[in-house]
Amino acid sequence: KKGLTGAALWYDAQMHNSERLTLAFVQSAANAGADVANYVEADRFVMDGNKVTGVKAKDNLTGKEFDIKAKLVINTAGPWIKNVIKGLNNSVKVSFCKAMNIIVKKQLFKKYAVGLTLRNKNFAGKKFGNLFITPWRNYSIIGVYFAPFDGNPNDLAIDKDEVQEFINYINAVYPQADLKKEDVCFVHKGILPAKDIDQNNQTMLLKSYSIYDHKKDGVEGIVTIVGVKYTTARDISQKIIDFTLKKLGKEMQKSKSSFTPVYGGDIKRFEVFLEYAKEKSGSFDAETIKHLVYNYGTSYSEVLRLCEENTELREQLCERSEVIKAEIVYAVREEMAQKLADVVLRRTELGSAGYPGDECLISCAGVMAKELRWSEHKIREELNEVRGVYSKLTG
């Protein structure tokens with residue numbers, strides 16, 4: 001409060017559950033006619049001379065290999081784009097940096113997200129950018145920490161020293177935070193396209209996308225896209241499909257994606273929809289309905305339908321979480337969840353803000369085991385795999 005010379009207020013949007021929004025795009029594509037597959041890896045290309053005619057694919061759960069033929073392969077593998085085209089003659093040049101947000105148990109600001117910076121941005125020999133502290137659920141998301149990265153994306157790691165360095169910076173910018181390592185309950189890590197590192201060792205992010213047609217490298221049948229961020233992904237997708245139609249000599253069609261709601265998102269006025277959902281949901285308490293609507297949108301009723309078939313599925317997994325057992329069954333039957341990590345980290349909000357605890361994890365594994373007929377050995381494997389994820393992220 002001392003020495004404050006001014007402030008600005010602007011409006012933005014927030015994803016309650018980014019994993020489910022990503023899934024909604026996949027579900028929307030499937031409903032529009034796309035074939036989607038989980039745990040299928042593009043291993044290498046099928047070639048006809050200098051032309052890519054498809055990919056050699058592998059089902060990573062069964063080990064089965066098979067070919068997928070294609071008139072055009074679009075490489076949208078994000079941080080793995082260079083891994084995909086390794087071995088091809090290509091002129092794709094892109095650098096990467098690693099990024100980190102931390103989730104802390106303290107809600108430092110309850111109403112607004114706050115952007116802060118040091119007057120002198122050099123801190124501990126590094127130049128940091130703006131710091132954003134954002135209230136999210138009952139936590140704060142704080143970011144973003146950037147550092148150069150030129151390794152294999154599969155080896156991406158955030159070590160304890162980097163987390164501590166970021167905490168030190170946060171406390172220097174906003175001493176009232178008084179953060180300690182034990183306040184951190186989860187770490188977001190990722191890889192972003194970047195410009196070359198500048199003379200101050202500052203990581204500069206790319207500001208625009210690129211479309212590479214490998215035809216100019218003498219290889220036909222493949223296009224690579226370097227994207228930039230979540231908020232521009234739909235626009236880039238539209239541009240690459242327009243590019244593809246033109247390249248294949250197909251009739252151009254006007255994209256509908258800018259005004260077509262994603263799966264579960266056809267809601268005109270959210271608060272009105274939420275109140276209506278609470279009123280029509282009978283014996284379910286208001287907080288459970290709010291939780292389901294926030295995560296599933298209009299498809300919340302599909303989760304509730306499972307509860308009508310089996311009343312046990314109405315139960316919460318454990319006291320620490322609002323997630324109910326029906327969500328686990330729904331993830332397996334309708335959302336291609338095959339592993340415990342799929343449900344904990346990518347289908348529900350059970351573990352997206354930190355380790356949910358053994359009680360929740362074991363309960364979740366038990367529900368999945370019934371659906372997928374897991375053995376006791378398989379259950380232990382799945383539990384250990386998920387526990388390992390959290391031990392790596394939080395040290």
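## Packing of helices 6 and 7

In this predicted model, helix 6 (residues 286–296) and helix 7 (residues 300–309) have axes that come within 8 Å and cross at roughly 130 degrees. Helix 6 contributes Ile-289, Leu-292, Val-293 and Tyr-296 to the contact, while helix 7 contributes Tyr-300, Val-303 and Leu-304. By class, the residues of this contact comprise seven nonpolar, no polar and no charged.

Setting aside residues up to four places away in sequence, Tyr-300 touches Leu-292 and Val-293, together with Phe-273, Ala-277, Lys-280 and Ser-281.

## Nonpolar cores

The largest nonpolar core holds 49 residues, of which Tyr-300, Ile-328, Leu-340, Val-344 and Cys-364 touch the most other members. At least two residues of this core come from each of strand 11 (184–194), helix 5 (270–280), helix 6, helix 7, helix 8 (325–334), helix 9 (340–347), helix 10 and helix 11 (376–394). Helix 10 provides the largest share, seven residues. A second, separate core has 23 residues, including Ala-147, Leu-179, Val-184 and Val-187.

In soluble globular proteins, nonpolar side chains tend to be buried together.

## Helix 10

Helix 10 (residues 358–372) has 15 residues, so at 1.5 Å a residue it should span 21 Å; the end C-alpha atoms lie 20 Å apart, which agrees. Its buried residues are Cys-360, Leu-361, Ser-363, Cys-364, Ala-365, Val-367, Met-368 and Ala-369.

Technical notes. Residues numbered from 1 in each chain as written. Predicted model: local features only at pLDDT ≥ 70, side-chain atom pairs only at ≥ 80, totals over all residues. Heavy atoms only, no water. Helix = DSSP H or I, 4+ residues; strand = E, 2+ residues; numbered from the N terminus. Expected span 1.5 Å × (residues − 1). Buried < 20%, exposed > 50% of the residue type's maximum accessible area, 1.4 Å probe, protein only. Axes fitted to C-alpha atoms, helices over the stretch in contact; angles between N-to-C directions. Contact = heavy atoms within 4.5 Å. Nonpolar A, V, L, I, M, F, W, Y, C, P; charged D, E, K, R; others polar. Core = buried A, V, L, I, M, F, W, Y, C linked by side-chain atoms within 4.5 Å.
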